[in-house]
Protein chains: 2
Amino acid sequence: MESLNAAGIDAGRNRDALRQHNLSLILKLVHTNGSVSRSQLTTATGLNRSTILNLVNDLAERKLVISSESDSPTGVGRPSHVVSPSPEVVAFAVHPEFDSTTVGVVTLGGRVLARRREPLHSAPTPEKSVAEAARLVSELRMELPKGTRIAGIGVTVPGQVRGTDGVVRLAPHLGWVEVPLATMLTQATGLPVTIDNDASIGCMAEYTFGSARGFENTVYLYAGSGGIGGGVIVDGVQLRGVAGYAGELGHVRISSSPGQDYSGLSGTIESLVQRDSLLESLKLYGATDEELEVEILTSRSDAVRQLLHEQIDALGAGLGNFVNIFNPNAIVLDGFLAALFKYDEGRLLNRIRESSLAASSERLIIRAGELGSNLLMIGGAELAFGSLLNDPAEAVLANR
Amino acid sequence: MESLNAAGIDAGRNRDALRQHNLSLILKLVHTNGSVSRSQLTTATGLNRSTILNLVNDLAERKLVISSESDSPTGVGRPSHVVSPSPEVVAFAVHPEFDSTTVGVVTLGGRVLARRREPLHSAPTPEKSVAEAARLVSELRMELPKGTRIAGIGVTVPGQVRGTDGVVRLAPHLGWVEVPLATMLTQATGLPVTIDNDASIGCMAEYTFGSARGFENTVYLYAGSGGIGGGVIVDGVQLRGVAGYAGELGHVRISSSPGQDYSGLSGTIESLVQRDSLLESLKLYGATDEELEVEILTSRSDAVRQLLHEQIDALGAGLGNFVNIFNPNAIVLDGFLAALFKYDEGRLLNRIRESSLAASSERLIIRAGELGSNLLMIGGAELAFGSLLNDPAEAVLANR
DNA sequence: TTATTATGTTTACCAAATAAACAAATTTGC
DNA sequence: GCAAATTTGTTTATTTGGTAAACATAATAA
């Protein structure tokens, strides 16, 4: 029998799918909003208050949320019970870099409980990096209070990642090629591991808990040490593409200039907007993004201003393209790109408008990311929480 | 009470939503696949065959589908009943151009029943164009067989369109600005009217019934008389953006060249890949896309070859960007862009690969559109069928 | 203090999907 | 050519998630 063309329609739904969806919906609302009253849940979902009671009880029995009476009534009528994410449910975030490995613990609800960073003296092999990560995870795991349950590990990789089987295709900055990272880290820790590109993860974090919150069509650009990556939220869902490589916004070509980016493509945003050239003109070496930002905002040098203008213009041209393509309601800039934005917001906005259609940039909002150093910790944990949030009834949590 | 951050989660689901989804699913499957057996429907949806019986009966009672016994058994076991889209349900497609107005009638299932084109002697005002369209709709409507029911009218506009209220923001080729087209045509015909950009509609048509069928991540480029437009299918759903202006792929900047496109942006794909300059170098004037394609594929002139190479290179650079951004499994080219593709497929593919990351273009398929002159008729009707397909139980159809 | 309002909680109910049982129509095997 | 195997159609009883109604409860408002 020929298979049917499903044309983007997902499968048929039955009662199980219905229940799964509603449980997932409640848990996501509690996760992203912190503490939520049952009455808020009824209005937000449109479901009957009996149903909300039932769903919340179900999640509470699974110890995913805590339901308690309100301690501060807000208005007329009986106070509504408050539902909060359980602080006993956590996930680990792992961020391997060429000079360090960072591991964090984040609760359901997005609070960073602890973080540990281990400096490295040379660019790590995958084996070395996995061993370091596993050691830090193990340390943090032992310090968790009794009763804590673990959703898994989310790894933020500075490179291209195939999410389906957890293989790092190419991470130029680390020198990794075709590394089955998820499998390796699962073996070392016994926990389920999900991996993704760092910029995609940053995008999801800013969308869920940061500057892009509530903007269901967001274009996100992140400049890490390994170049410029991106992420896009389309109607509230992250753009992934057929194999998960979508969102390589830094490698989009905008000019005929011959300069190449870290992947050998010329005229791209990444080739024109370079952190290193800014550091050089400011005579800063090994500065953090915070230090760089201070220098940018206080510099009085004409040469620096010239360079900043060039970079803002290039960034604006690139963002104009994305406005034409995505018609977003928000653009969020992270890493040192946020400093360019803060340096001359007006110039950047003008450049964007000049290189996009008028209608597409109406009511467009541009912001800097606000999660700072917690960005990849929160995002990595978000990745690890994914399966729990999508199917709360089926997810299996590990004990501490 | 503060409103909750819904974070891209849609509302709670109840029994009604479940039923609506399943009815919609069945109707869409029948619509896009033509004739489908009930057993195919059970396997495609995962629903029980009792449920499928019930859903199909429901749709049949509403006279949206026809259920009949199979006339040619395919294998072991009792032959499965066949469900077909009702040919009595139709929609109109309207395509206003600067030198003509075209109206078509298309059945559920995507068959073009009739088409009528009225040449115009001058670029029409919105009023004139609406009057012409209404007249043609009325003519075709009277010729429809008794019992035919009409879902509505879909209008393909060569310009930027705000779908929410049916206003044409800007259609440079027609000289229209801020025209409440949907309202005007509804008043003139008494039928519900939906409007959209021509390239978006072409994209939807090729995805539902043409070359992009089954490719859930498709980038589509369409070169009409009014420049280059685009459309993108992301996980089976068309990219719309916050106000519906997404997909302006022709206005994406890829080079520093000063040449401008029809919207005044420089270095864009549309400014570098121009139908007019090809026509000029071939000394063709007023040729159709079909005639242009023949000339391109048979020309022996060095100058023409040079120009074709330049245009293919520019198109390839632009498509490379889209590969980096969307990681699609298919790219579909329509209008004279299909001729460029056919002229030198290998060169285009090489240019795309040169300007995109290796992983992102793996297993990428490039095709020409296959719906030809029916493209905008089928797509326009698809637009008009939208509400019926999304909620078969609630849709109201007009009589012929 | 009482009325009003909003929510909590329990109970009976509804309807959509399903499983089970049997019927029917085809192919396969002899 | 006929019985067996297979697949689907159809009917019936069942399951279950969401809902509406009724009443209880805890706040504010009068």
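This is a predicted model: local features need pLDDT of at least 70, side-chain atom pairs count only at pLDDT 80 or more; totals for chains, interfaces and linings use all residues.

Residues are numbered from 1 along each chain as its sequence is written, while chains are lettered from A and ligands numbered from 1 in the order in which they are written.

**Exercise 1.** Work out whether the radius of gyration of chain A agrees with a compact globule.

- Step 1: Take the rule, 2.2 Å times the number of residues to the power 0.38, with the radius computed over C-alpha atoms.

**Exercise 2.** Find what share of chain A is buried.

- Step 1: Call a residue buried if 20 or more other C-beta atoms, placed from the backbone, lie within 10 Å of its own.
- Step 2: Of the 400 residues in chain A, 53% are buried.

**Exercise 3.** Describe the surface near DNA strand C.

- Step 1: Count a residue as near if its C-beta atom, placed from the backbone, lies within 6 Å of the strand.
- Step 2: That gives 27 residues, and Asn14(A), Arg38(A), Ser39(A), Gly77(A) and Asn48(B) are the closest.
- Step 3: Look at the helices (DSSP runs of H or I, at least four residues): α1(B) gives the most, with 4 residues.
- Step 4: Sort by class, with Ala, Val, Leu, Ile, Met, Phe, Trp, Tyr, Cys and Pro nonpolar, Asp, Glu, Lys and Arg charged, and the others, Gly among them, polar. You get 13 polar, 7 nonpolar and 7 charged residues.

Terms used. A residue is buried if 20 or more other C-beta atoms lie within 10 Å of its own, exposed if 12 or fewer, and partly exposed in between; C-beta atoms are placed from the backbone. Helices (H or I, at least four residues) and strands (E, at least two) are DSSP runs, numbered from the N terminus.
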